[in-house]
Amino acid sequence: VMGMPTYSKRVAGFGTTVFTEINELAQKHQALNLGQGRPDFDGPPDIIDAAVKALQSGKHNQYAPGNGVLATREAIAAHADRFYGLKVDPQDGVVITAGATEAIFSAVLGLVDRGDEVIVIEPFFDSYVPNITMAGARPVYVPLRPPNWTFDPDEMKAAFNKHTRAIILNTPHNPTGRVFTREELTLIADLCKEHDVTVISDEVYEHLVFDGQTHIPIATLPDMFERTVTISSLGKTFSVTGWKTGWAYGPAELITGVSRAHQFVTFAMFHPAQIAAAYALNLPGTYFEELQAMYTVKRDLLMHALTSAGLKARTPQGTYFVMADFSDVFDGDDIDFSRFLTSEFGVACIPPTFFYSTDHAHMASTQARFAFCKSDETLRQVGERLAHLGK
């Protein structure tokens, strides 16, 4: 009997991402979609104008250098210096990627060998674990627990051993909105130095911090630059998620690993967006202050909507997400709740148990993640729709 062609075991367990299901359900019910972290407003006109000019100049529609346009890598290095005092070599220490998602995958492929262990903090962004398993490595999980979303230092210590090759860190943290403290980062850094572990640090929300919180890149801690690959992107800071323009920077030795994988994943990034990225990253500090002010208003609108509806939410210190406990107003798990809220109240959210390992998923089973990268008007309407939830 002839077998039918089928897909690889490597992807067999992946299924469709939870975002796809929620987006389809939201569309069906004309819901206000606070699921995916994609703004419903456009990026700043001057940044878009820089991309248009790049498209029309006749100079930027062929392949960019594999590691990225040098002027853009210089802008990334200058940004790291301006905000964090980091000295990054634009020539050998930066690679530009198809969004932070590709940067993380290329970092895992370029820095981790088959059979190595990679520590992942839960809840995690949904690409981390497939990236690790596709590289033939093994994820080791350390959970953040509600309602404060902190890890247990002993559990963190226990996750490190002679097989640990890397840890994927994300701060400001999606989906909990935590900004890791210097104390937490120092504990992780000390363990990395003790066990010779590389940090893959996802910092895409670096400029989205509130109430005087400070984002501390782990690469700024003593002796950590040489063992850290720092990843960020344009999408969150400049509201152009569709441009898929990200980067990784760090010491030449580690960036060589990322870059060797990257050359066979995408080879080079979309050229015109890199020209616009150089413009955007060099904008004056007022741009970043205004971004924080704009998102503080949005955060407060969503917090008001959720708490008025009887949900228990922890005010996020960063990112554009809120995690809220719905157990006072709904009996059931997070998947039931997100379907219920989307179909009955016309507000879509994401069930966060998908961001945990099976063993730890119960920790988030009464939580839902809401995104506030939406117009103020949308967020006010969310408040109106949810007003009757707790009644």
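How many bridges join S9 to strand S10, and which way do the two run? In this predicted model, 2 bridges link S9 with S10, the latter spanning residues 321-325, and the two strands run antiparallel. Lys 312 stands opposite Asp 325 of S10. This pair of strands belongs to an open sheet of 3 strands, ordered S9-S10-S12, with antiparallel pairing. At its edges lie strand S9 (312-313) and strand S12 (367-371), each of which pairs on one side only. Helix H12, made of residues 285-308, packs on this sheet and touches S9, S10 and S12. The direction of H12 makes about 10° with that of S10.

A parallel pairing is found elsewhere in the chain, between strand S3 (residues 117-122) and strand S4 (residues 138-143), which are joined by 6 bridges. Within this pairing, Val 118 has Pro 139 of S4 as its bridge partner.

Turning to the helices, H11 (residues 271-281) meets helix H3 (residues 45-56), and their axes come within 8 Å and cross at roughly 140°. On the H3 side, the contact is made by Asp 46, Ile 47, Ala 50, Ala 51, Ala 54 and Leu 55, and H11 contributes Pro 272, Ile 275, Ala 276, Tyr 279 and Ala 280. These residues divide into 10 nonpolar, no polar and 1 charged.

H11 also meets helix H4 (residues 70-84), where the axes come within 8 Å and cross at roughly 25°. With angles under 35 degrees counting as roughly parallel, H4 is therefore roughly parallel to H11. H4 passes H11 in a left-handed crossing. From H4, the contact involves Ala 71, Thr 72, Ala 75, Ile 76, His 79 and Arg 82, while Gln 274, Ile 275, Ala 277, Ala 278 and Leu 281 take part from H11. The residues of this contact comprise 7 nonpolar, 3 polar and 1 charged. Ile 275 of H11 takes part in the contact with H3 and also in that with H4.

Notes. Residues are numbered from 1 along each chain as its sequence is written. This is a predicted model: local features need pLDDT of at least 70, side-chain atom pairs count only at pLDDT 80 or more; totals for chains, interfaces and linings use all residues. Side-chain values use heavy atoms; hydrogens and water are left out. Two strands pair if DSSP finds at least two bridges between them. Helices (H or I, at least four residues) and strands (E, at least two) are DSSP runs, numbered from the N terminus. Contact means heavy atoms within 4.5 Å. Axes are lines fitted to C-alpha atoms, for helices over the stretch in contact, and angles run from 0 to 180 degrees between N-to-C directions. Ala, Val, Leu, Ile, Met, Phe, Trp, Tyr, Cys and Pro count as nonpolar, Asp, Glu, Lys and Arg as charged, and the others, Gly among them, as polar. Angles under 35 degrees count as roughly parallel, over 145 as roughly antiparallel, 65 to 115 as roughly perpendicular and the rest as oblique. A crossing is left-handed if the near helix is turned anticlockwise from the far one by less than a right angle, and right-handed if clockwise.
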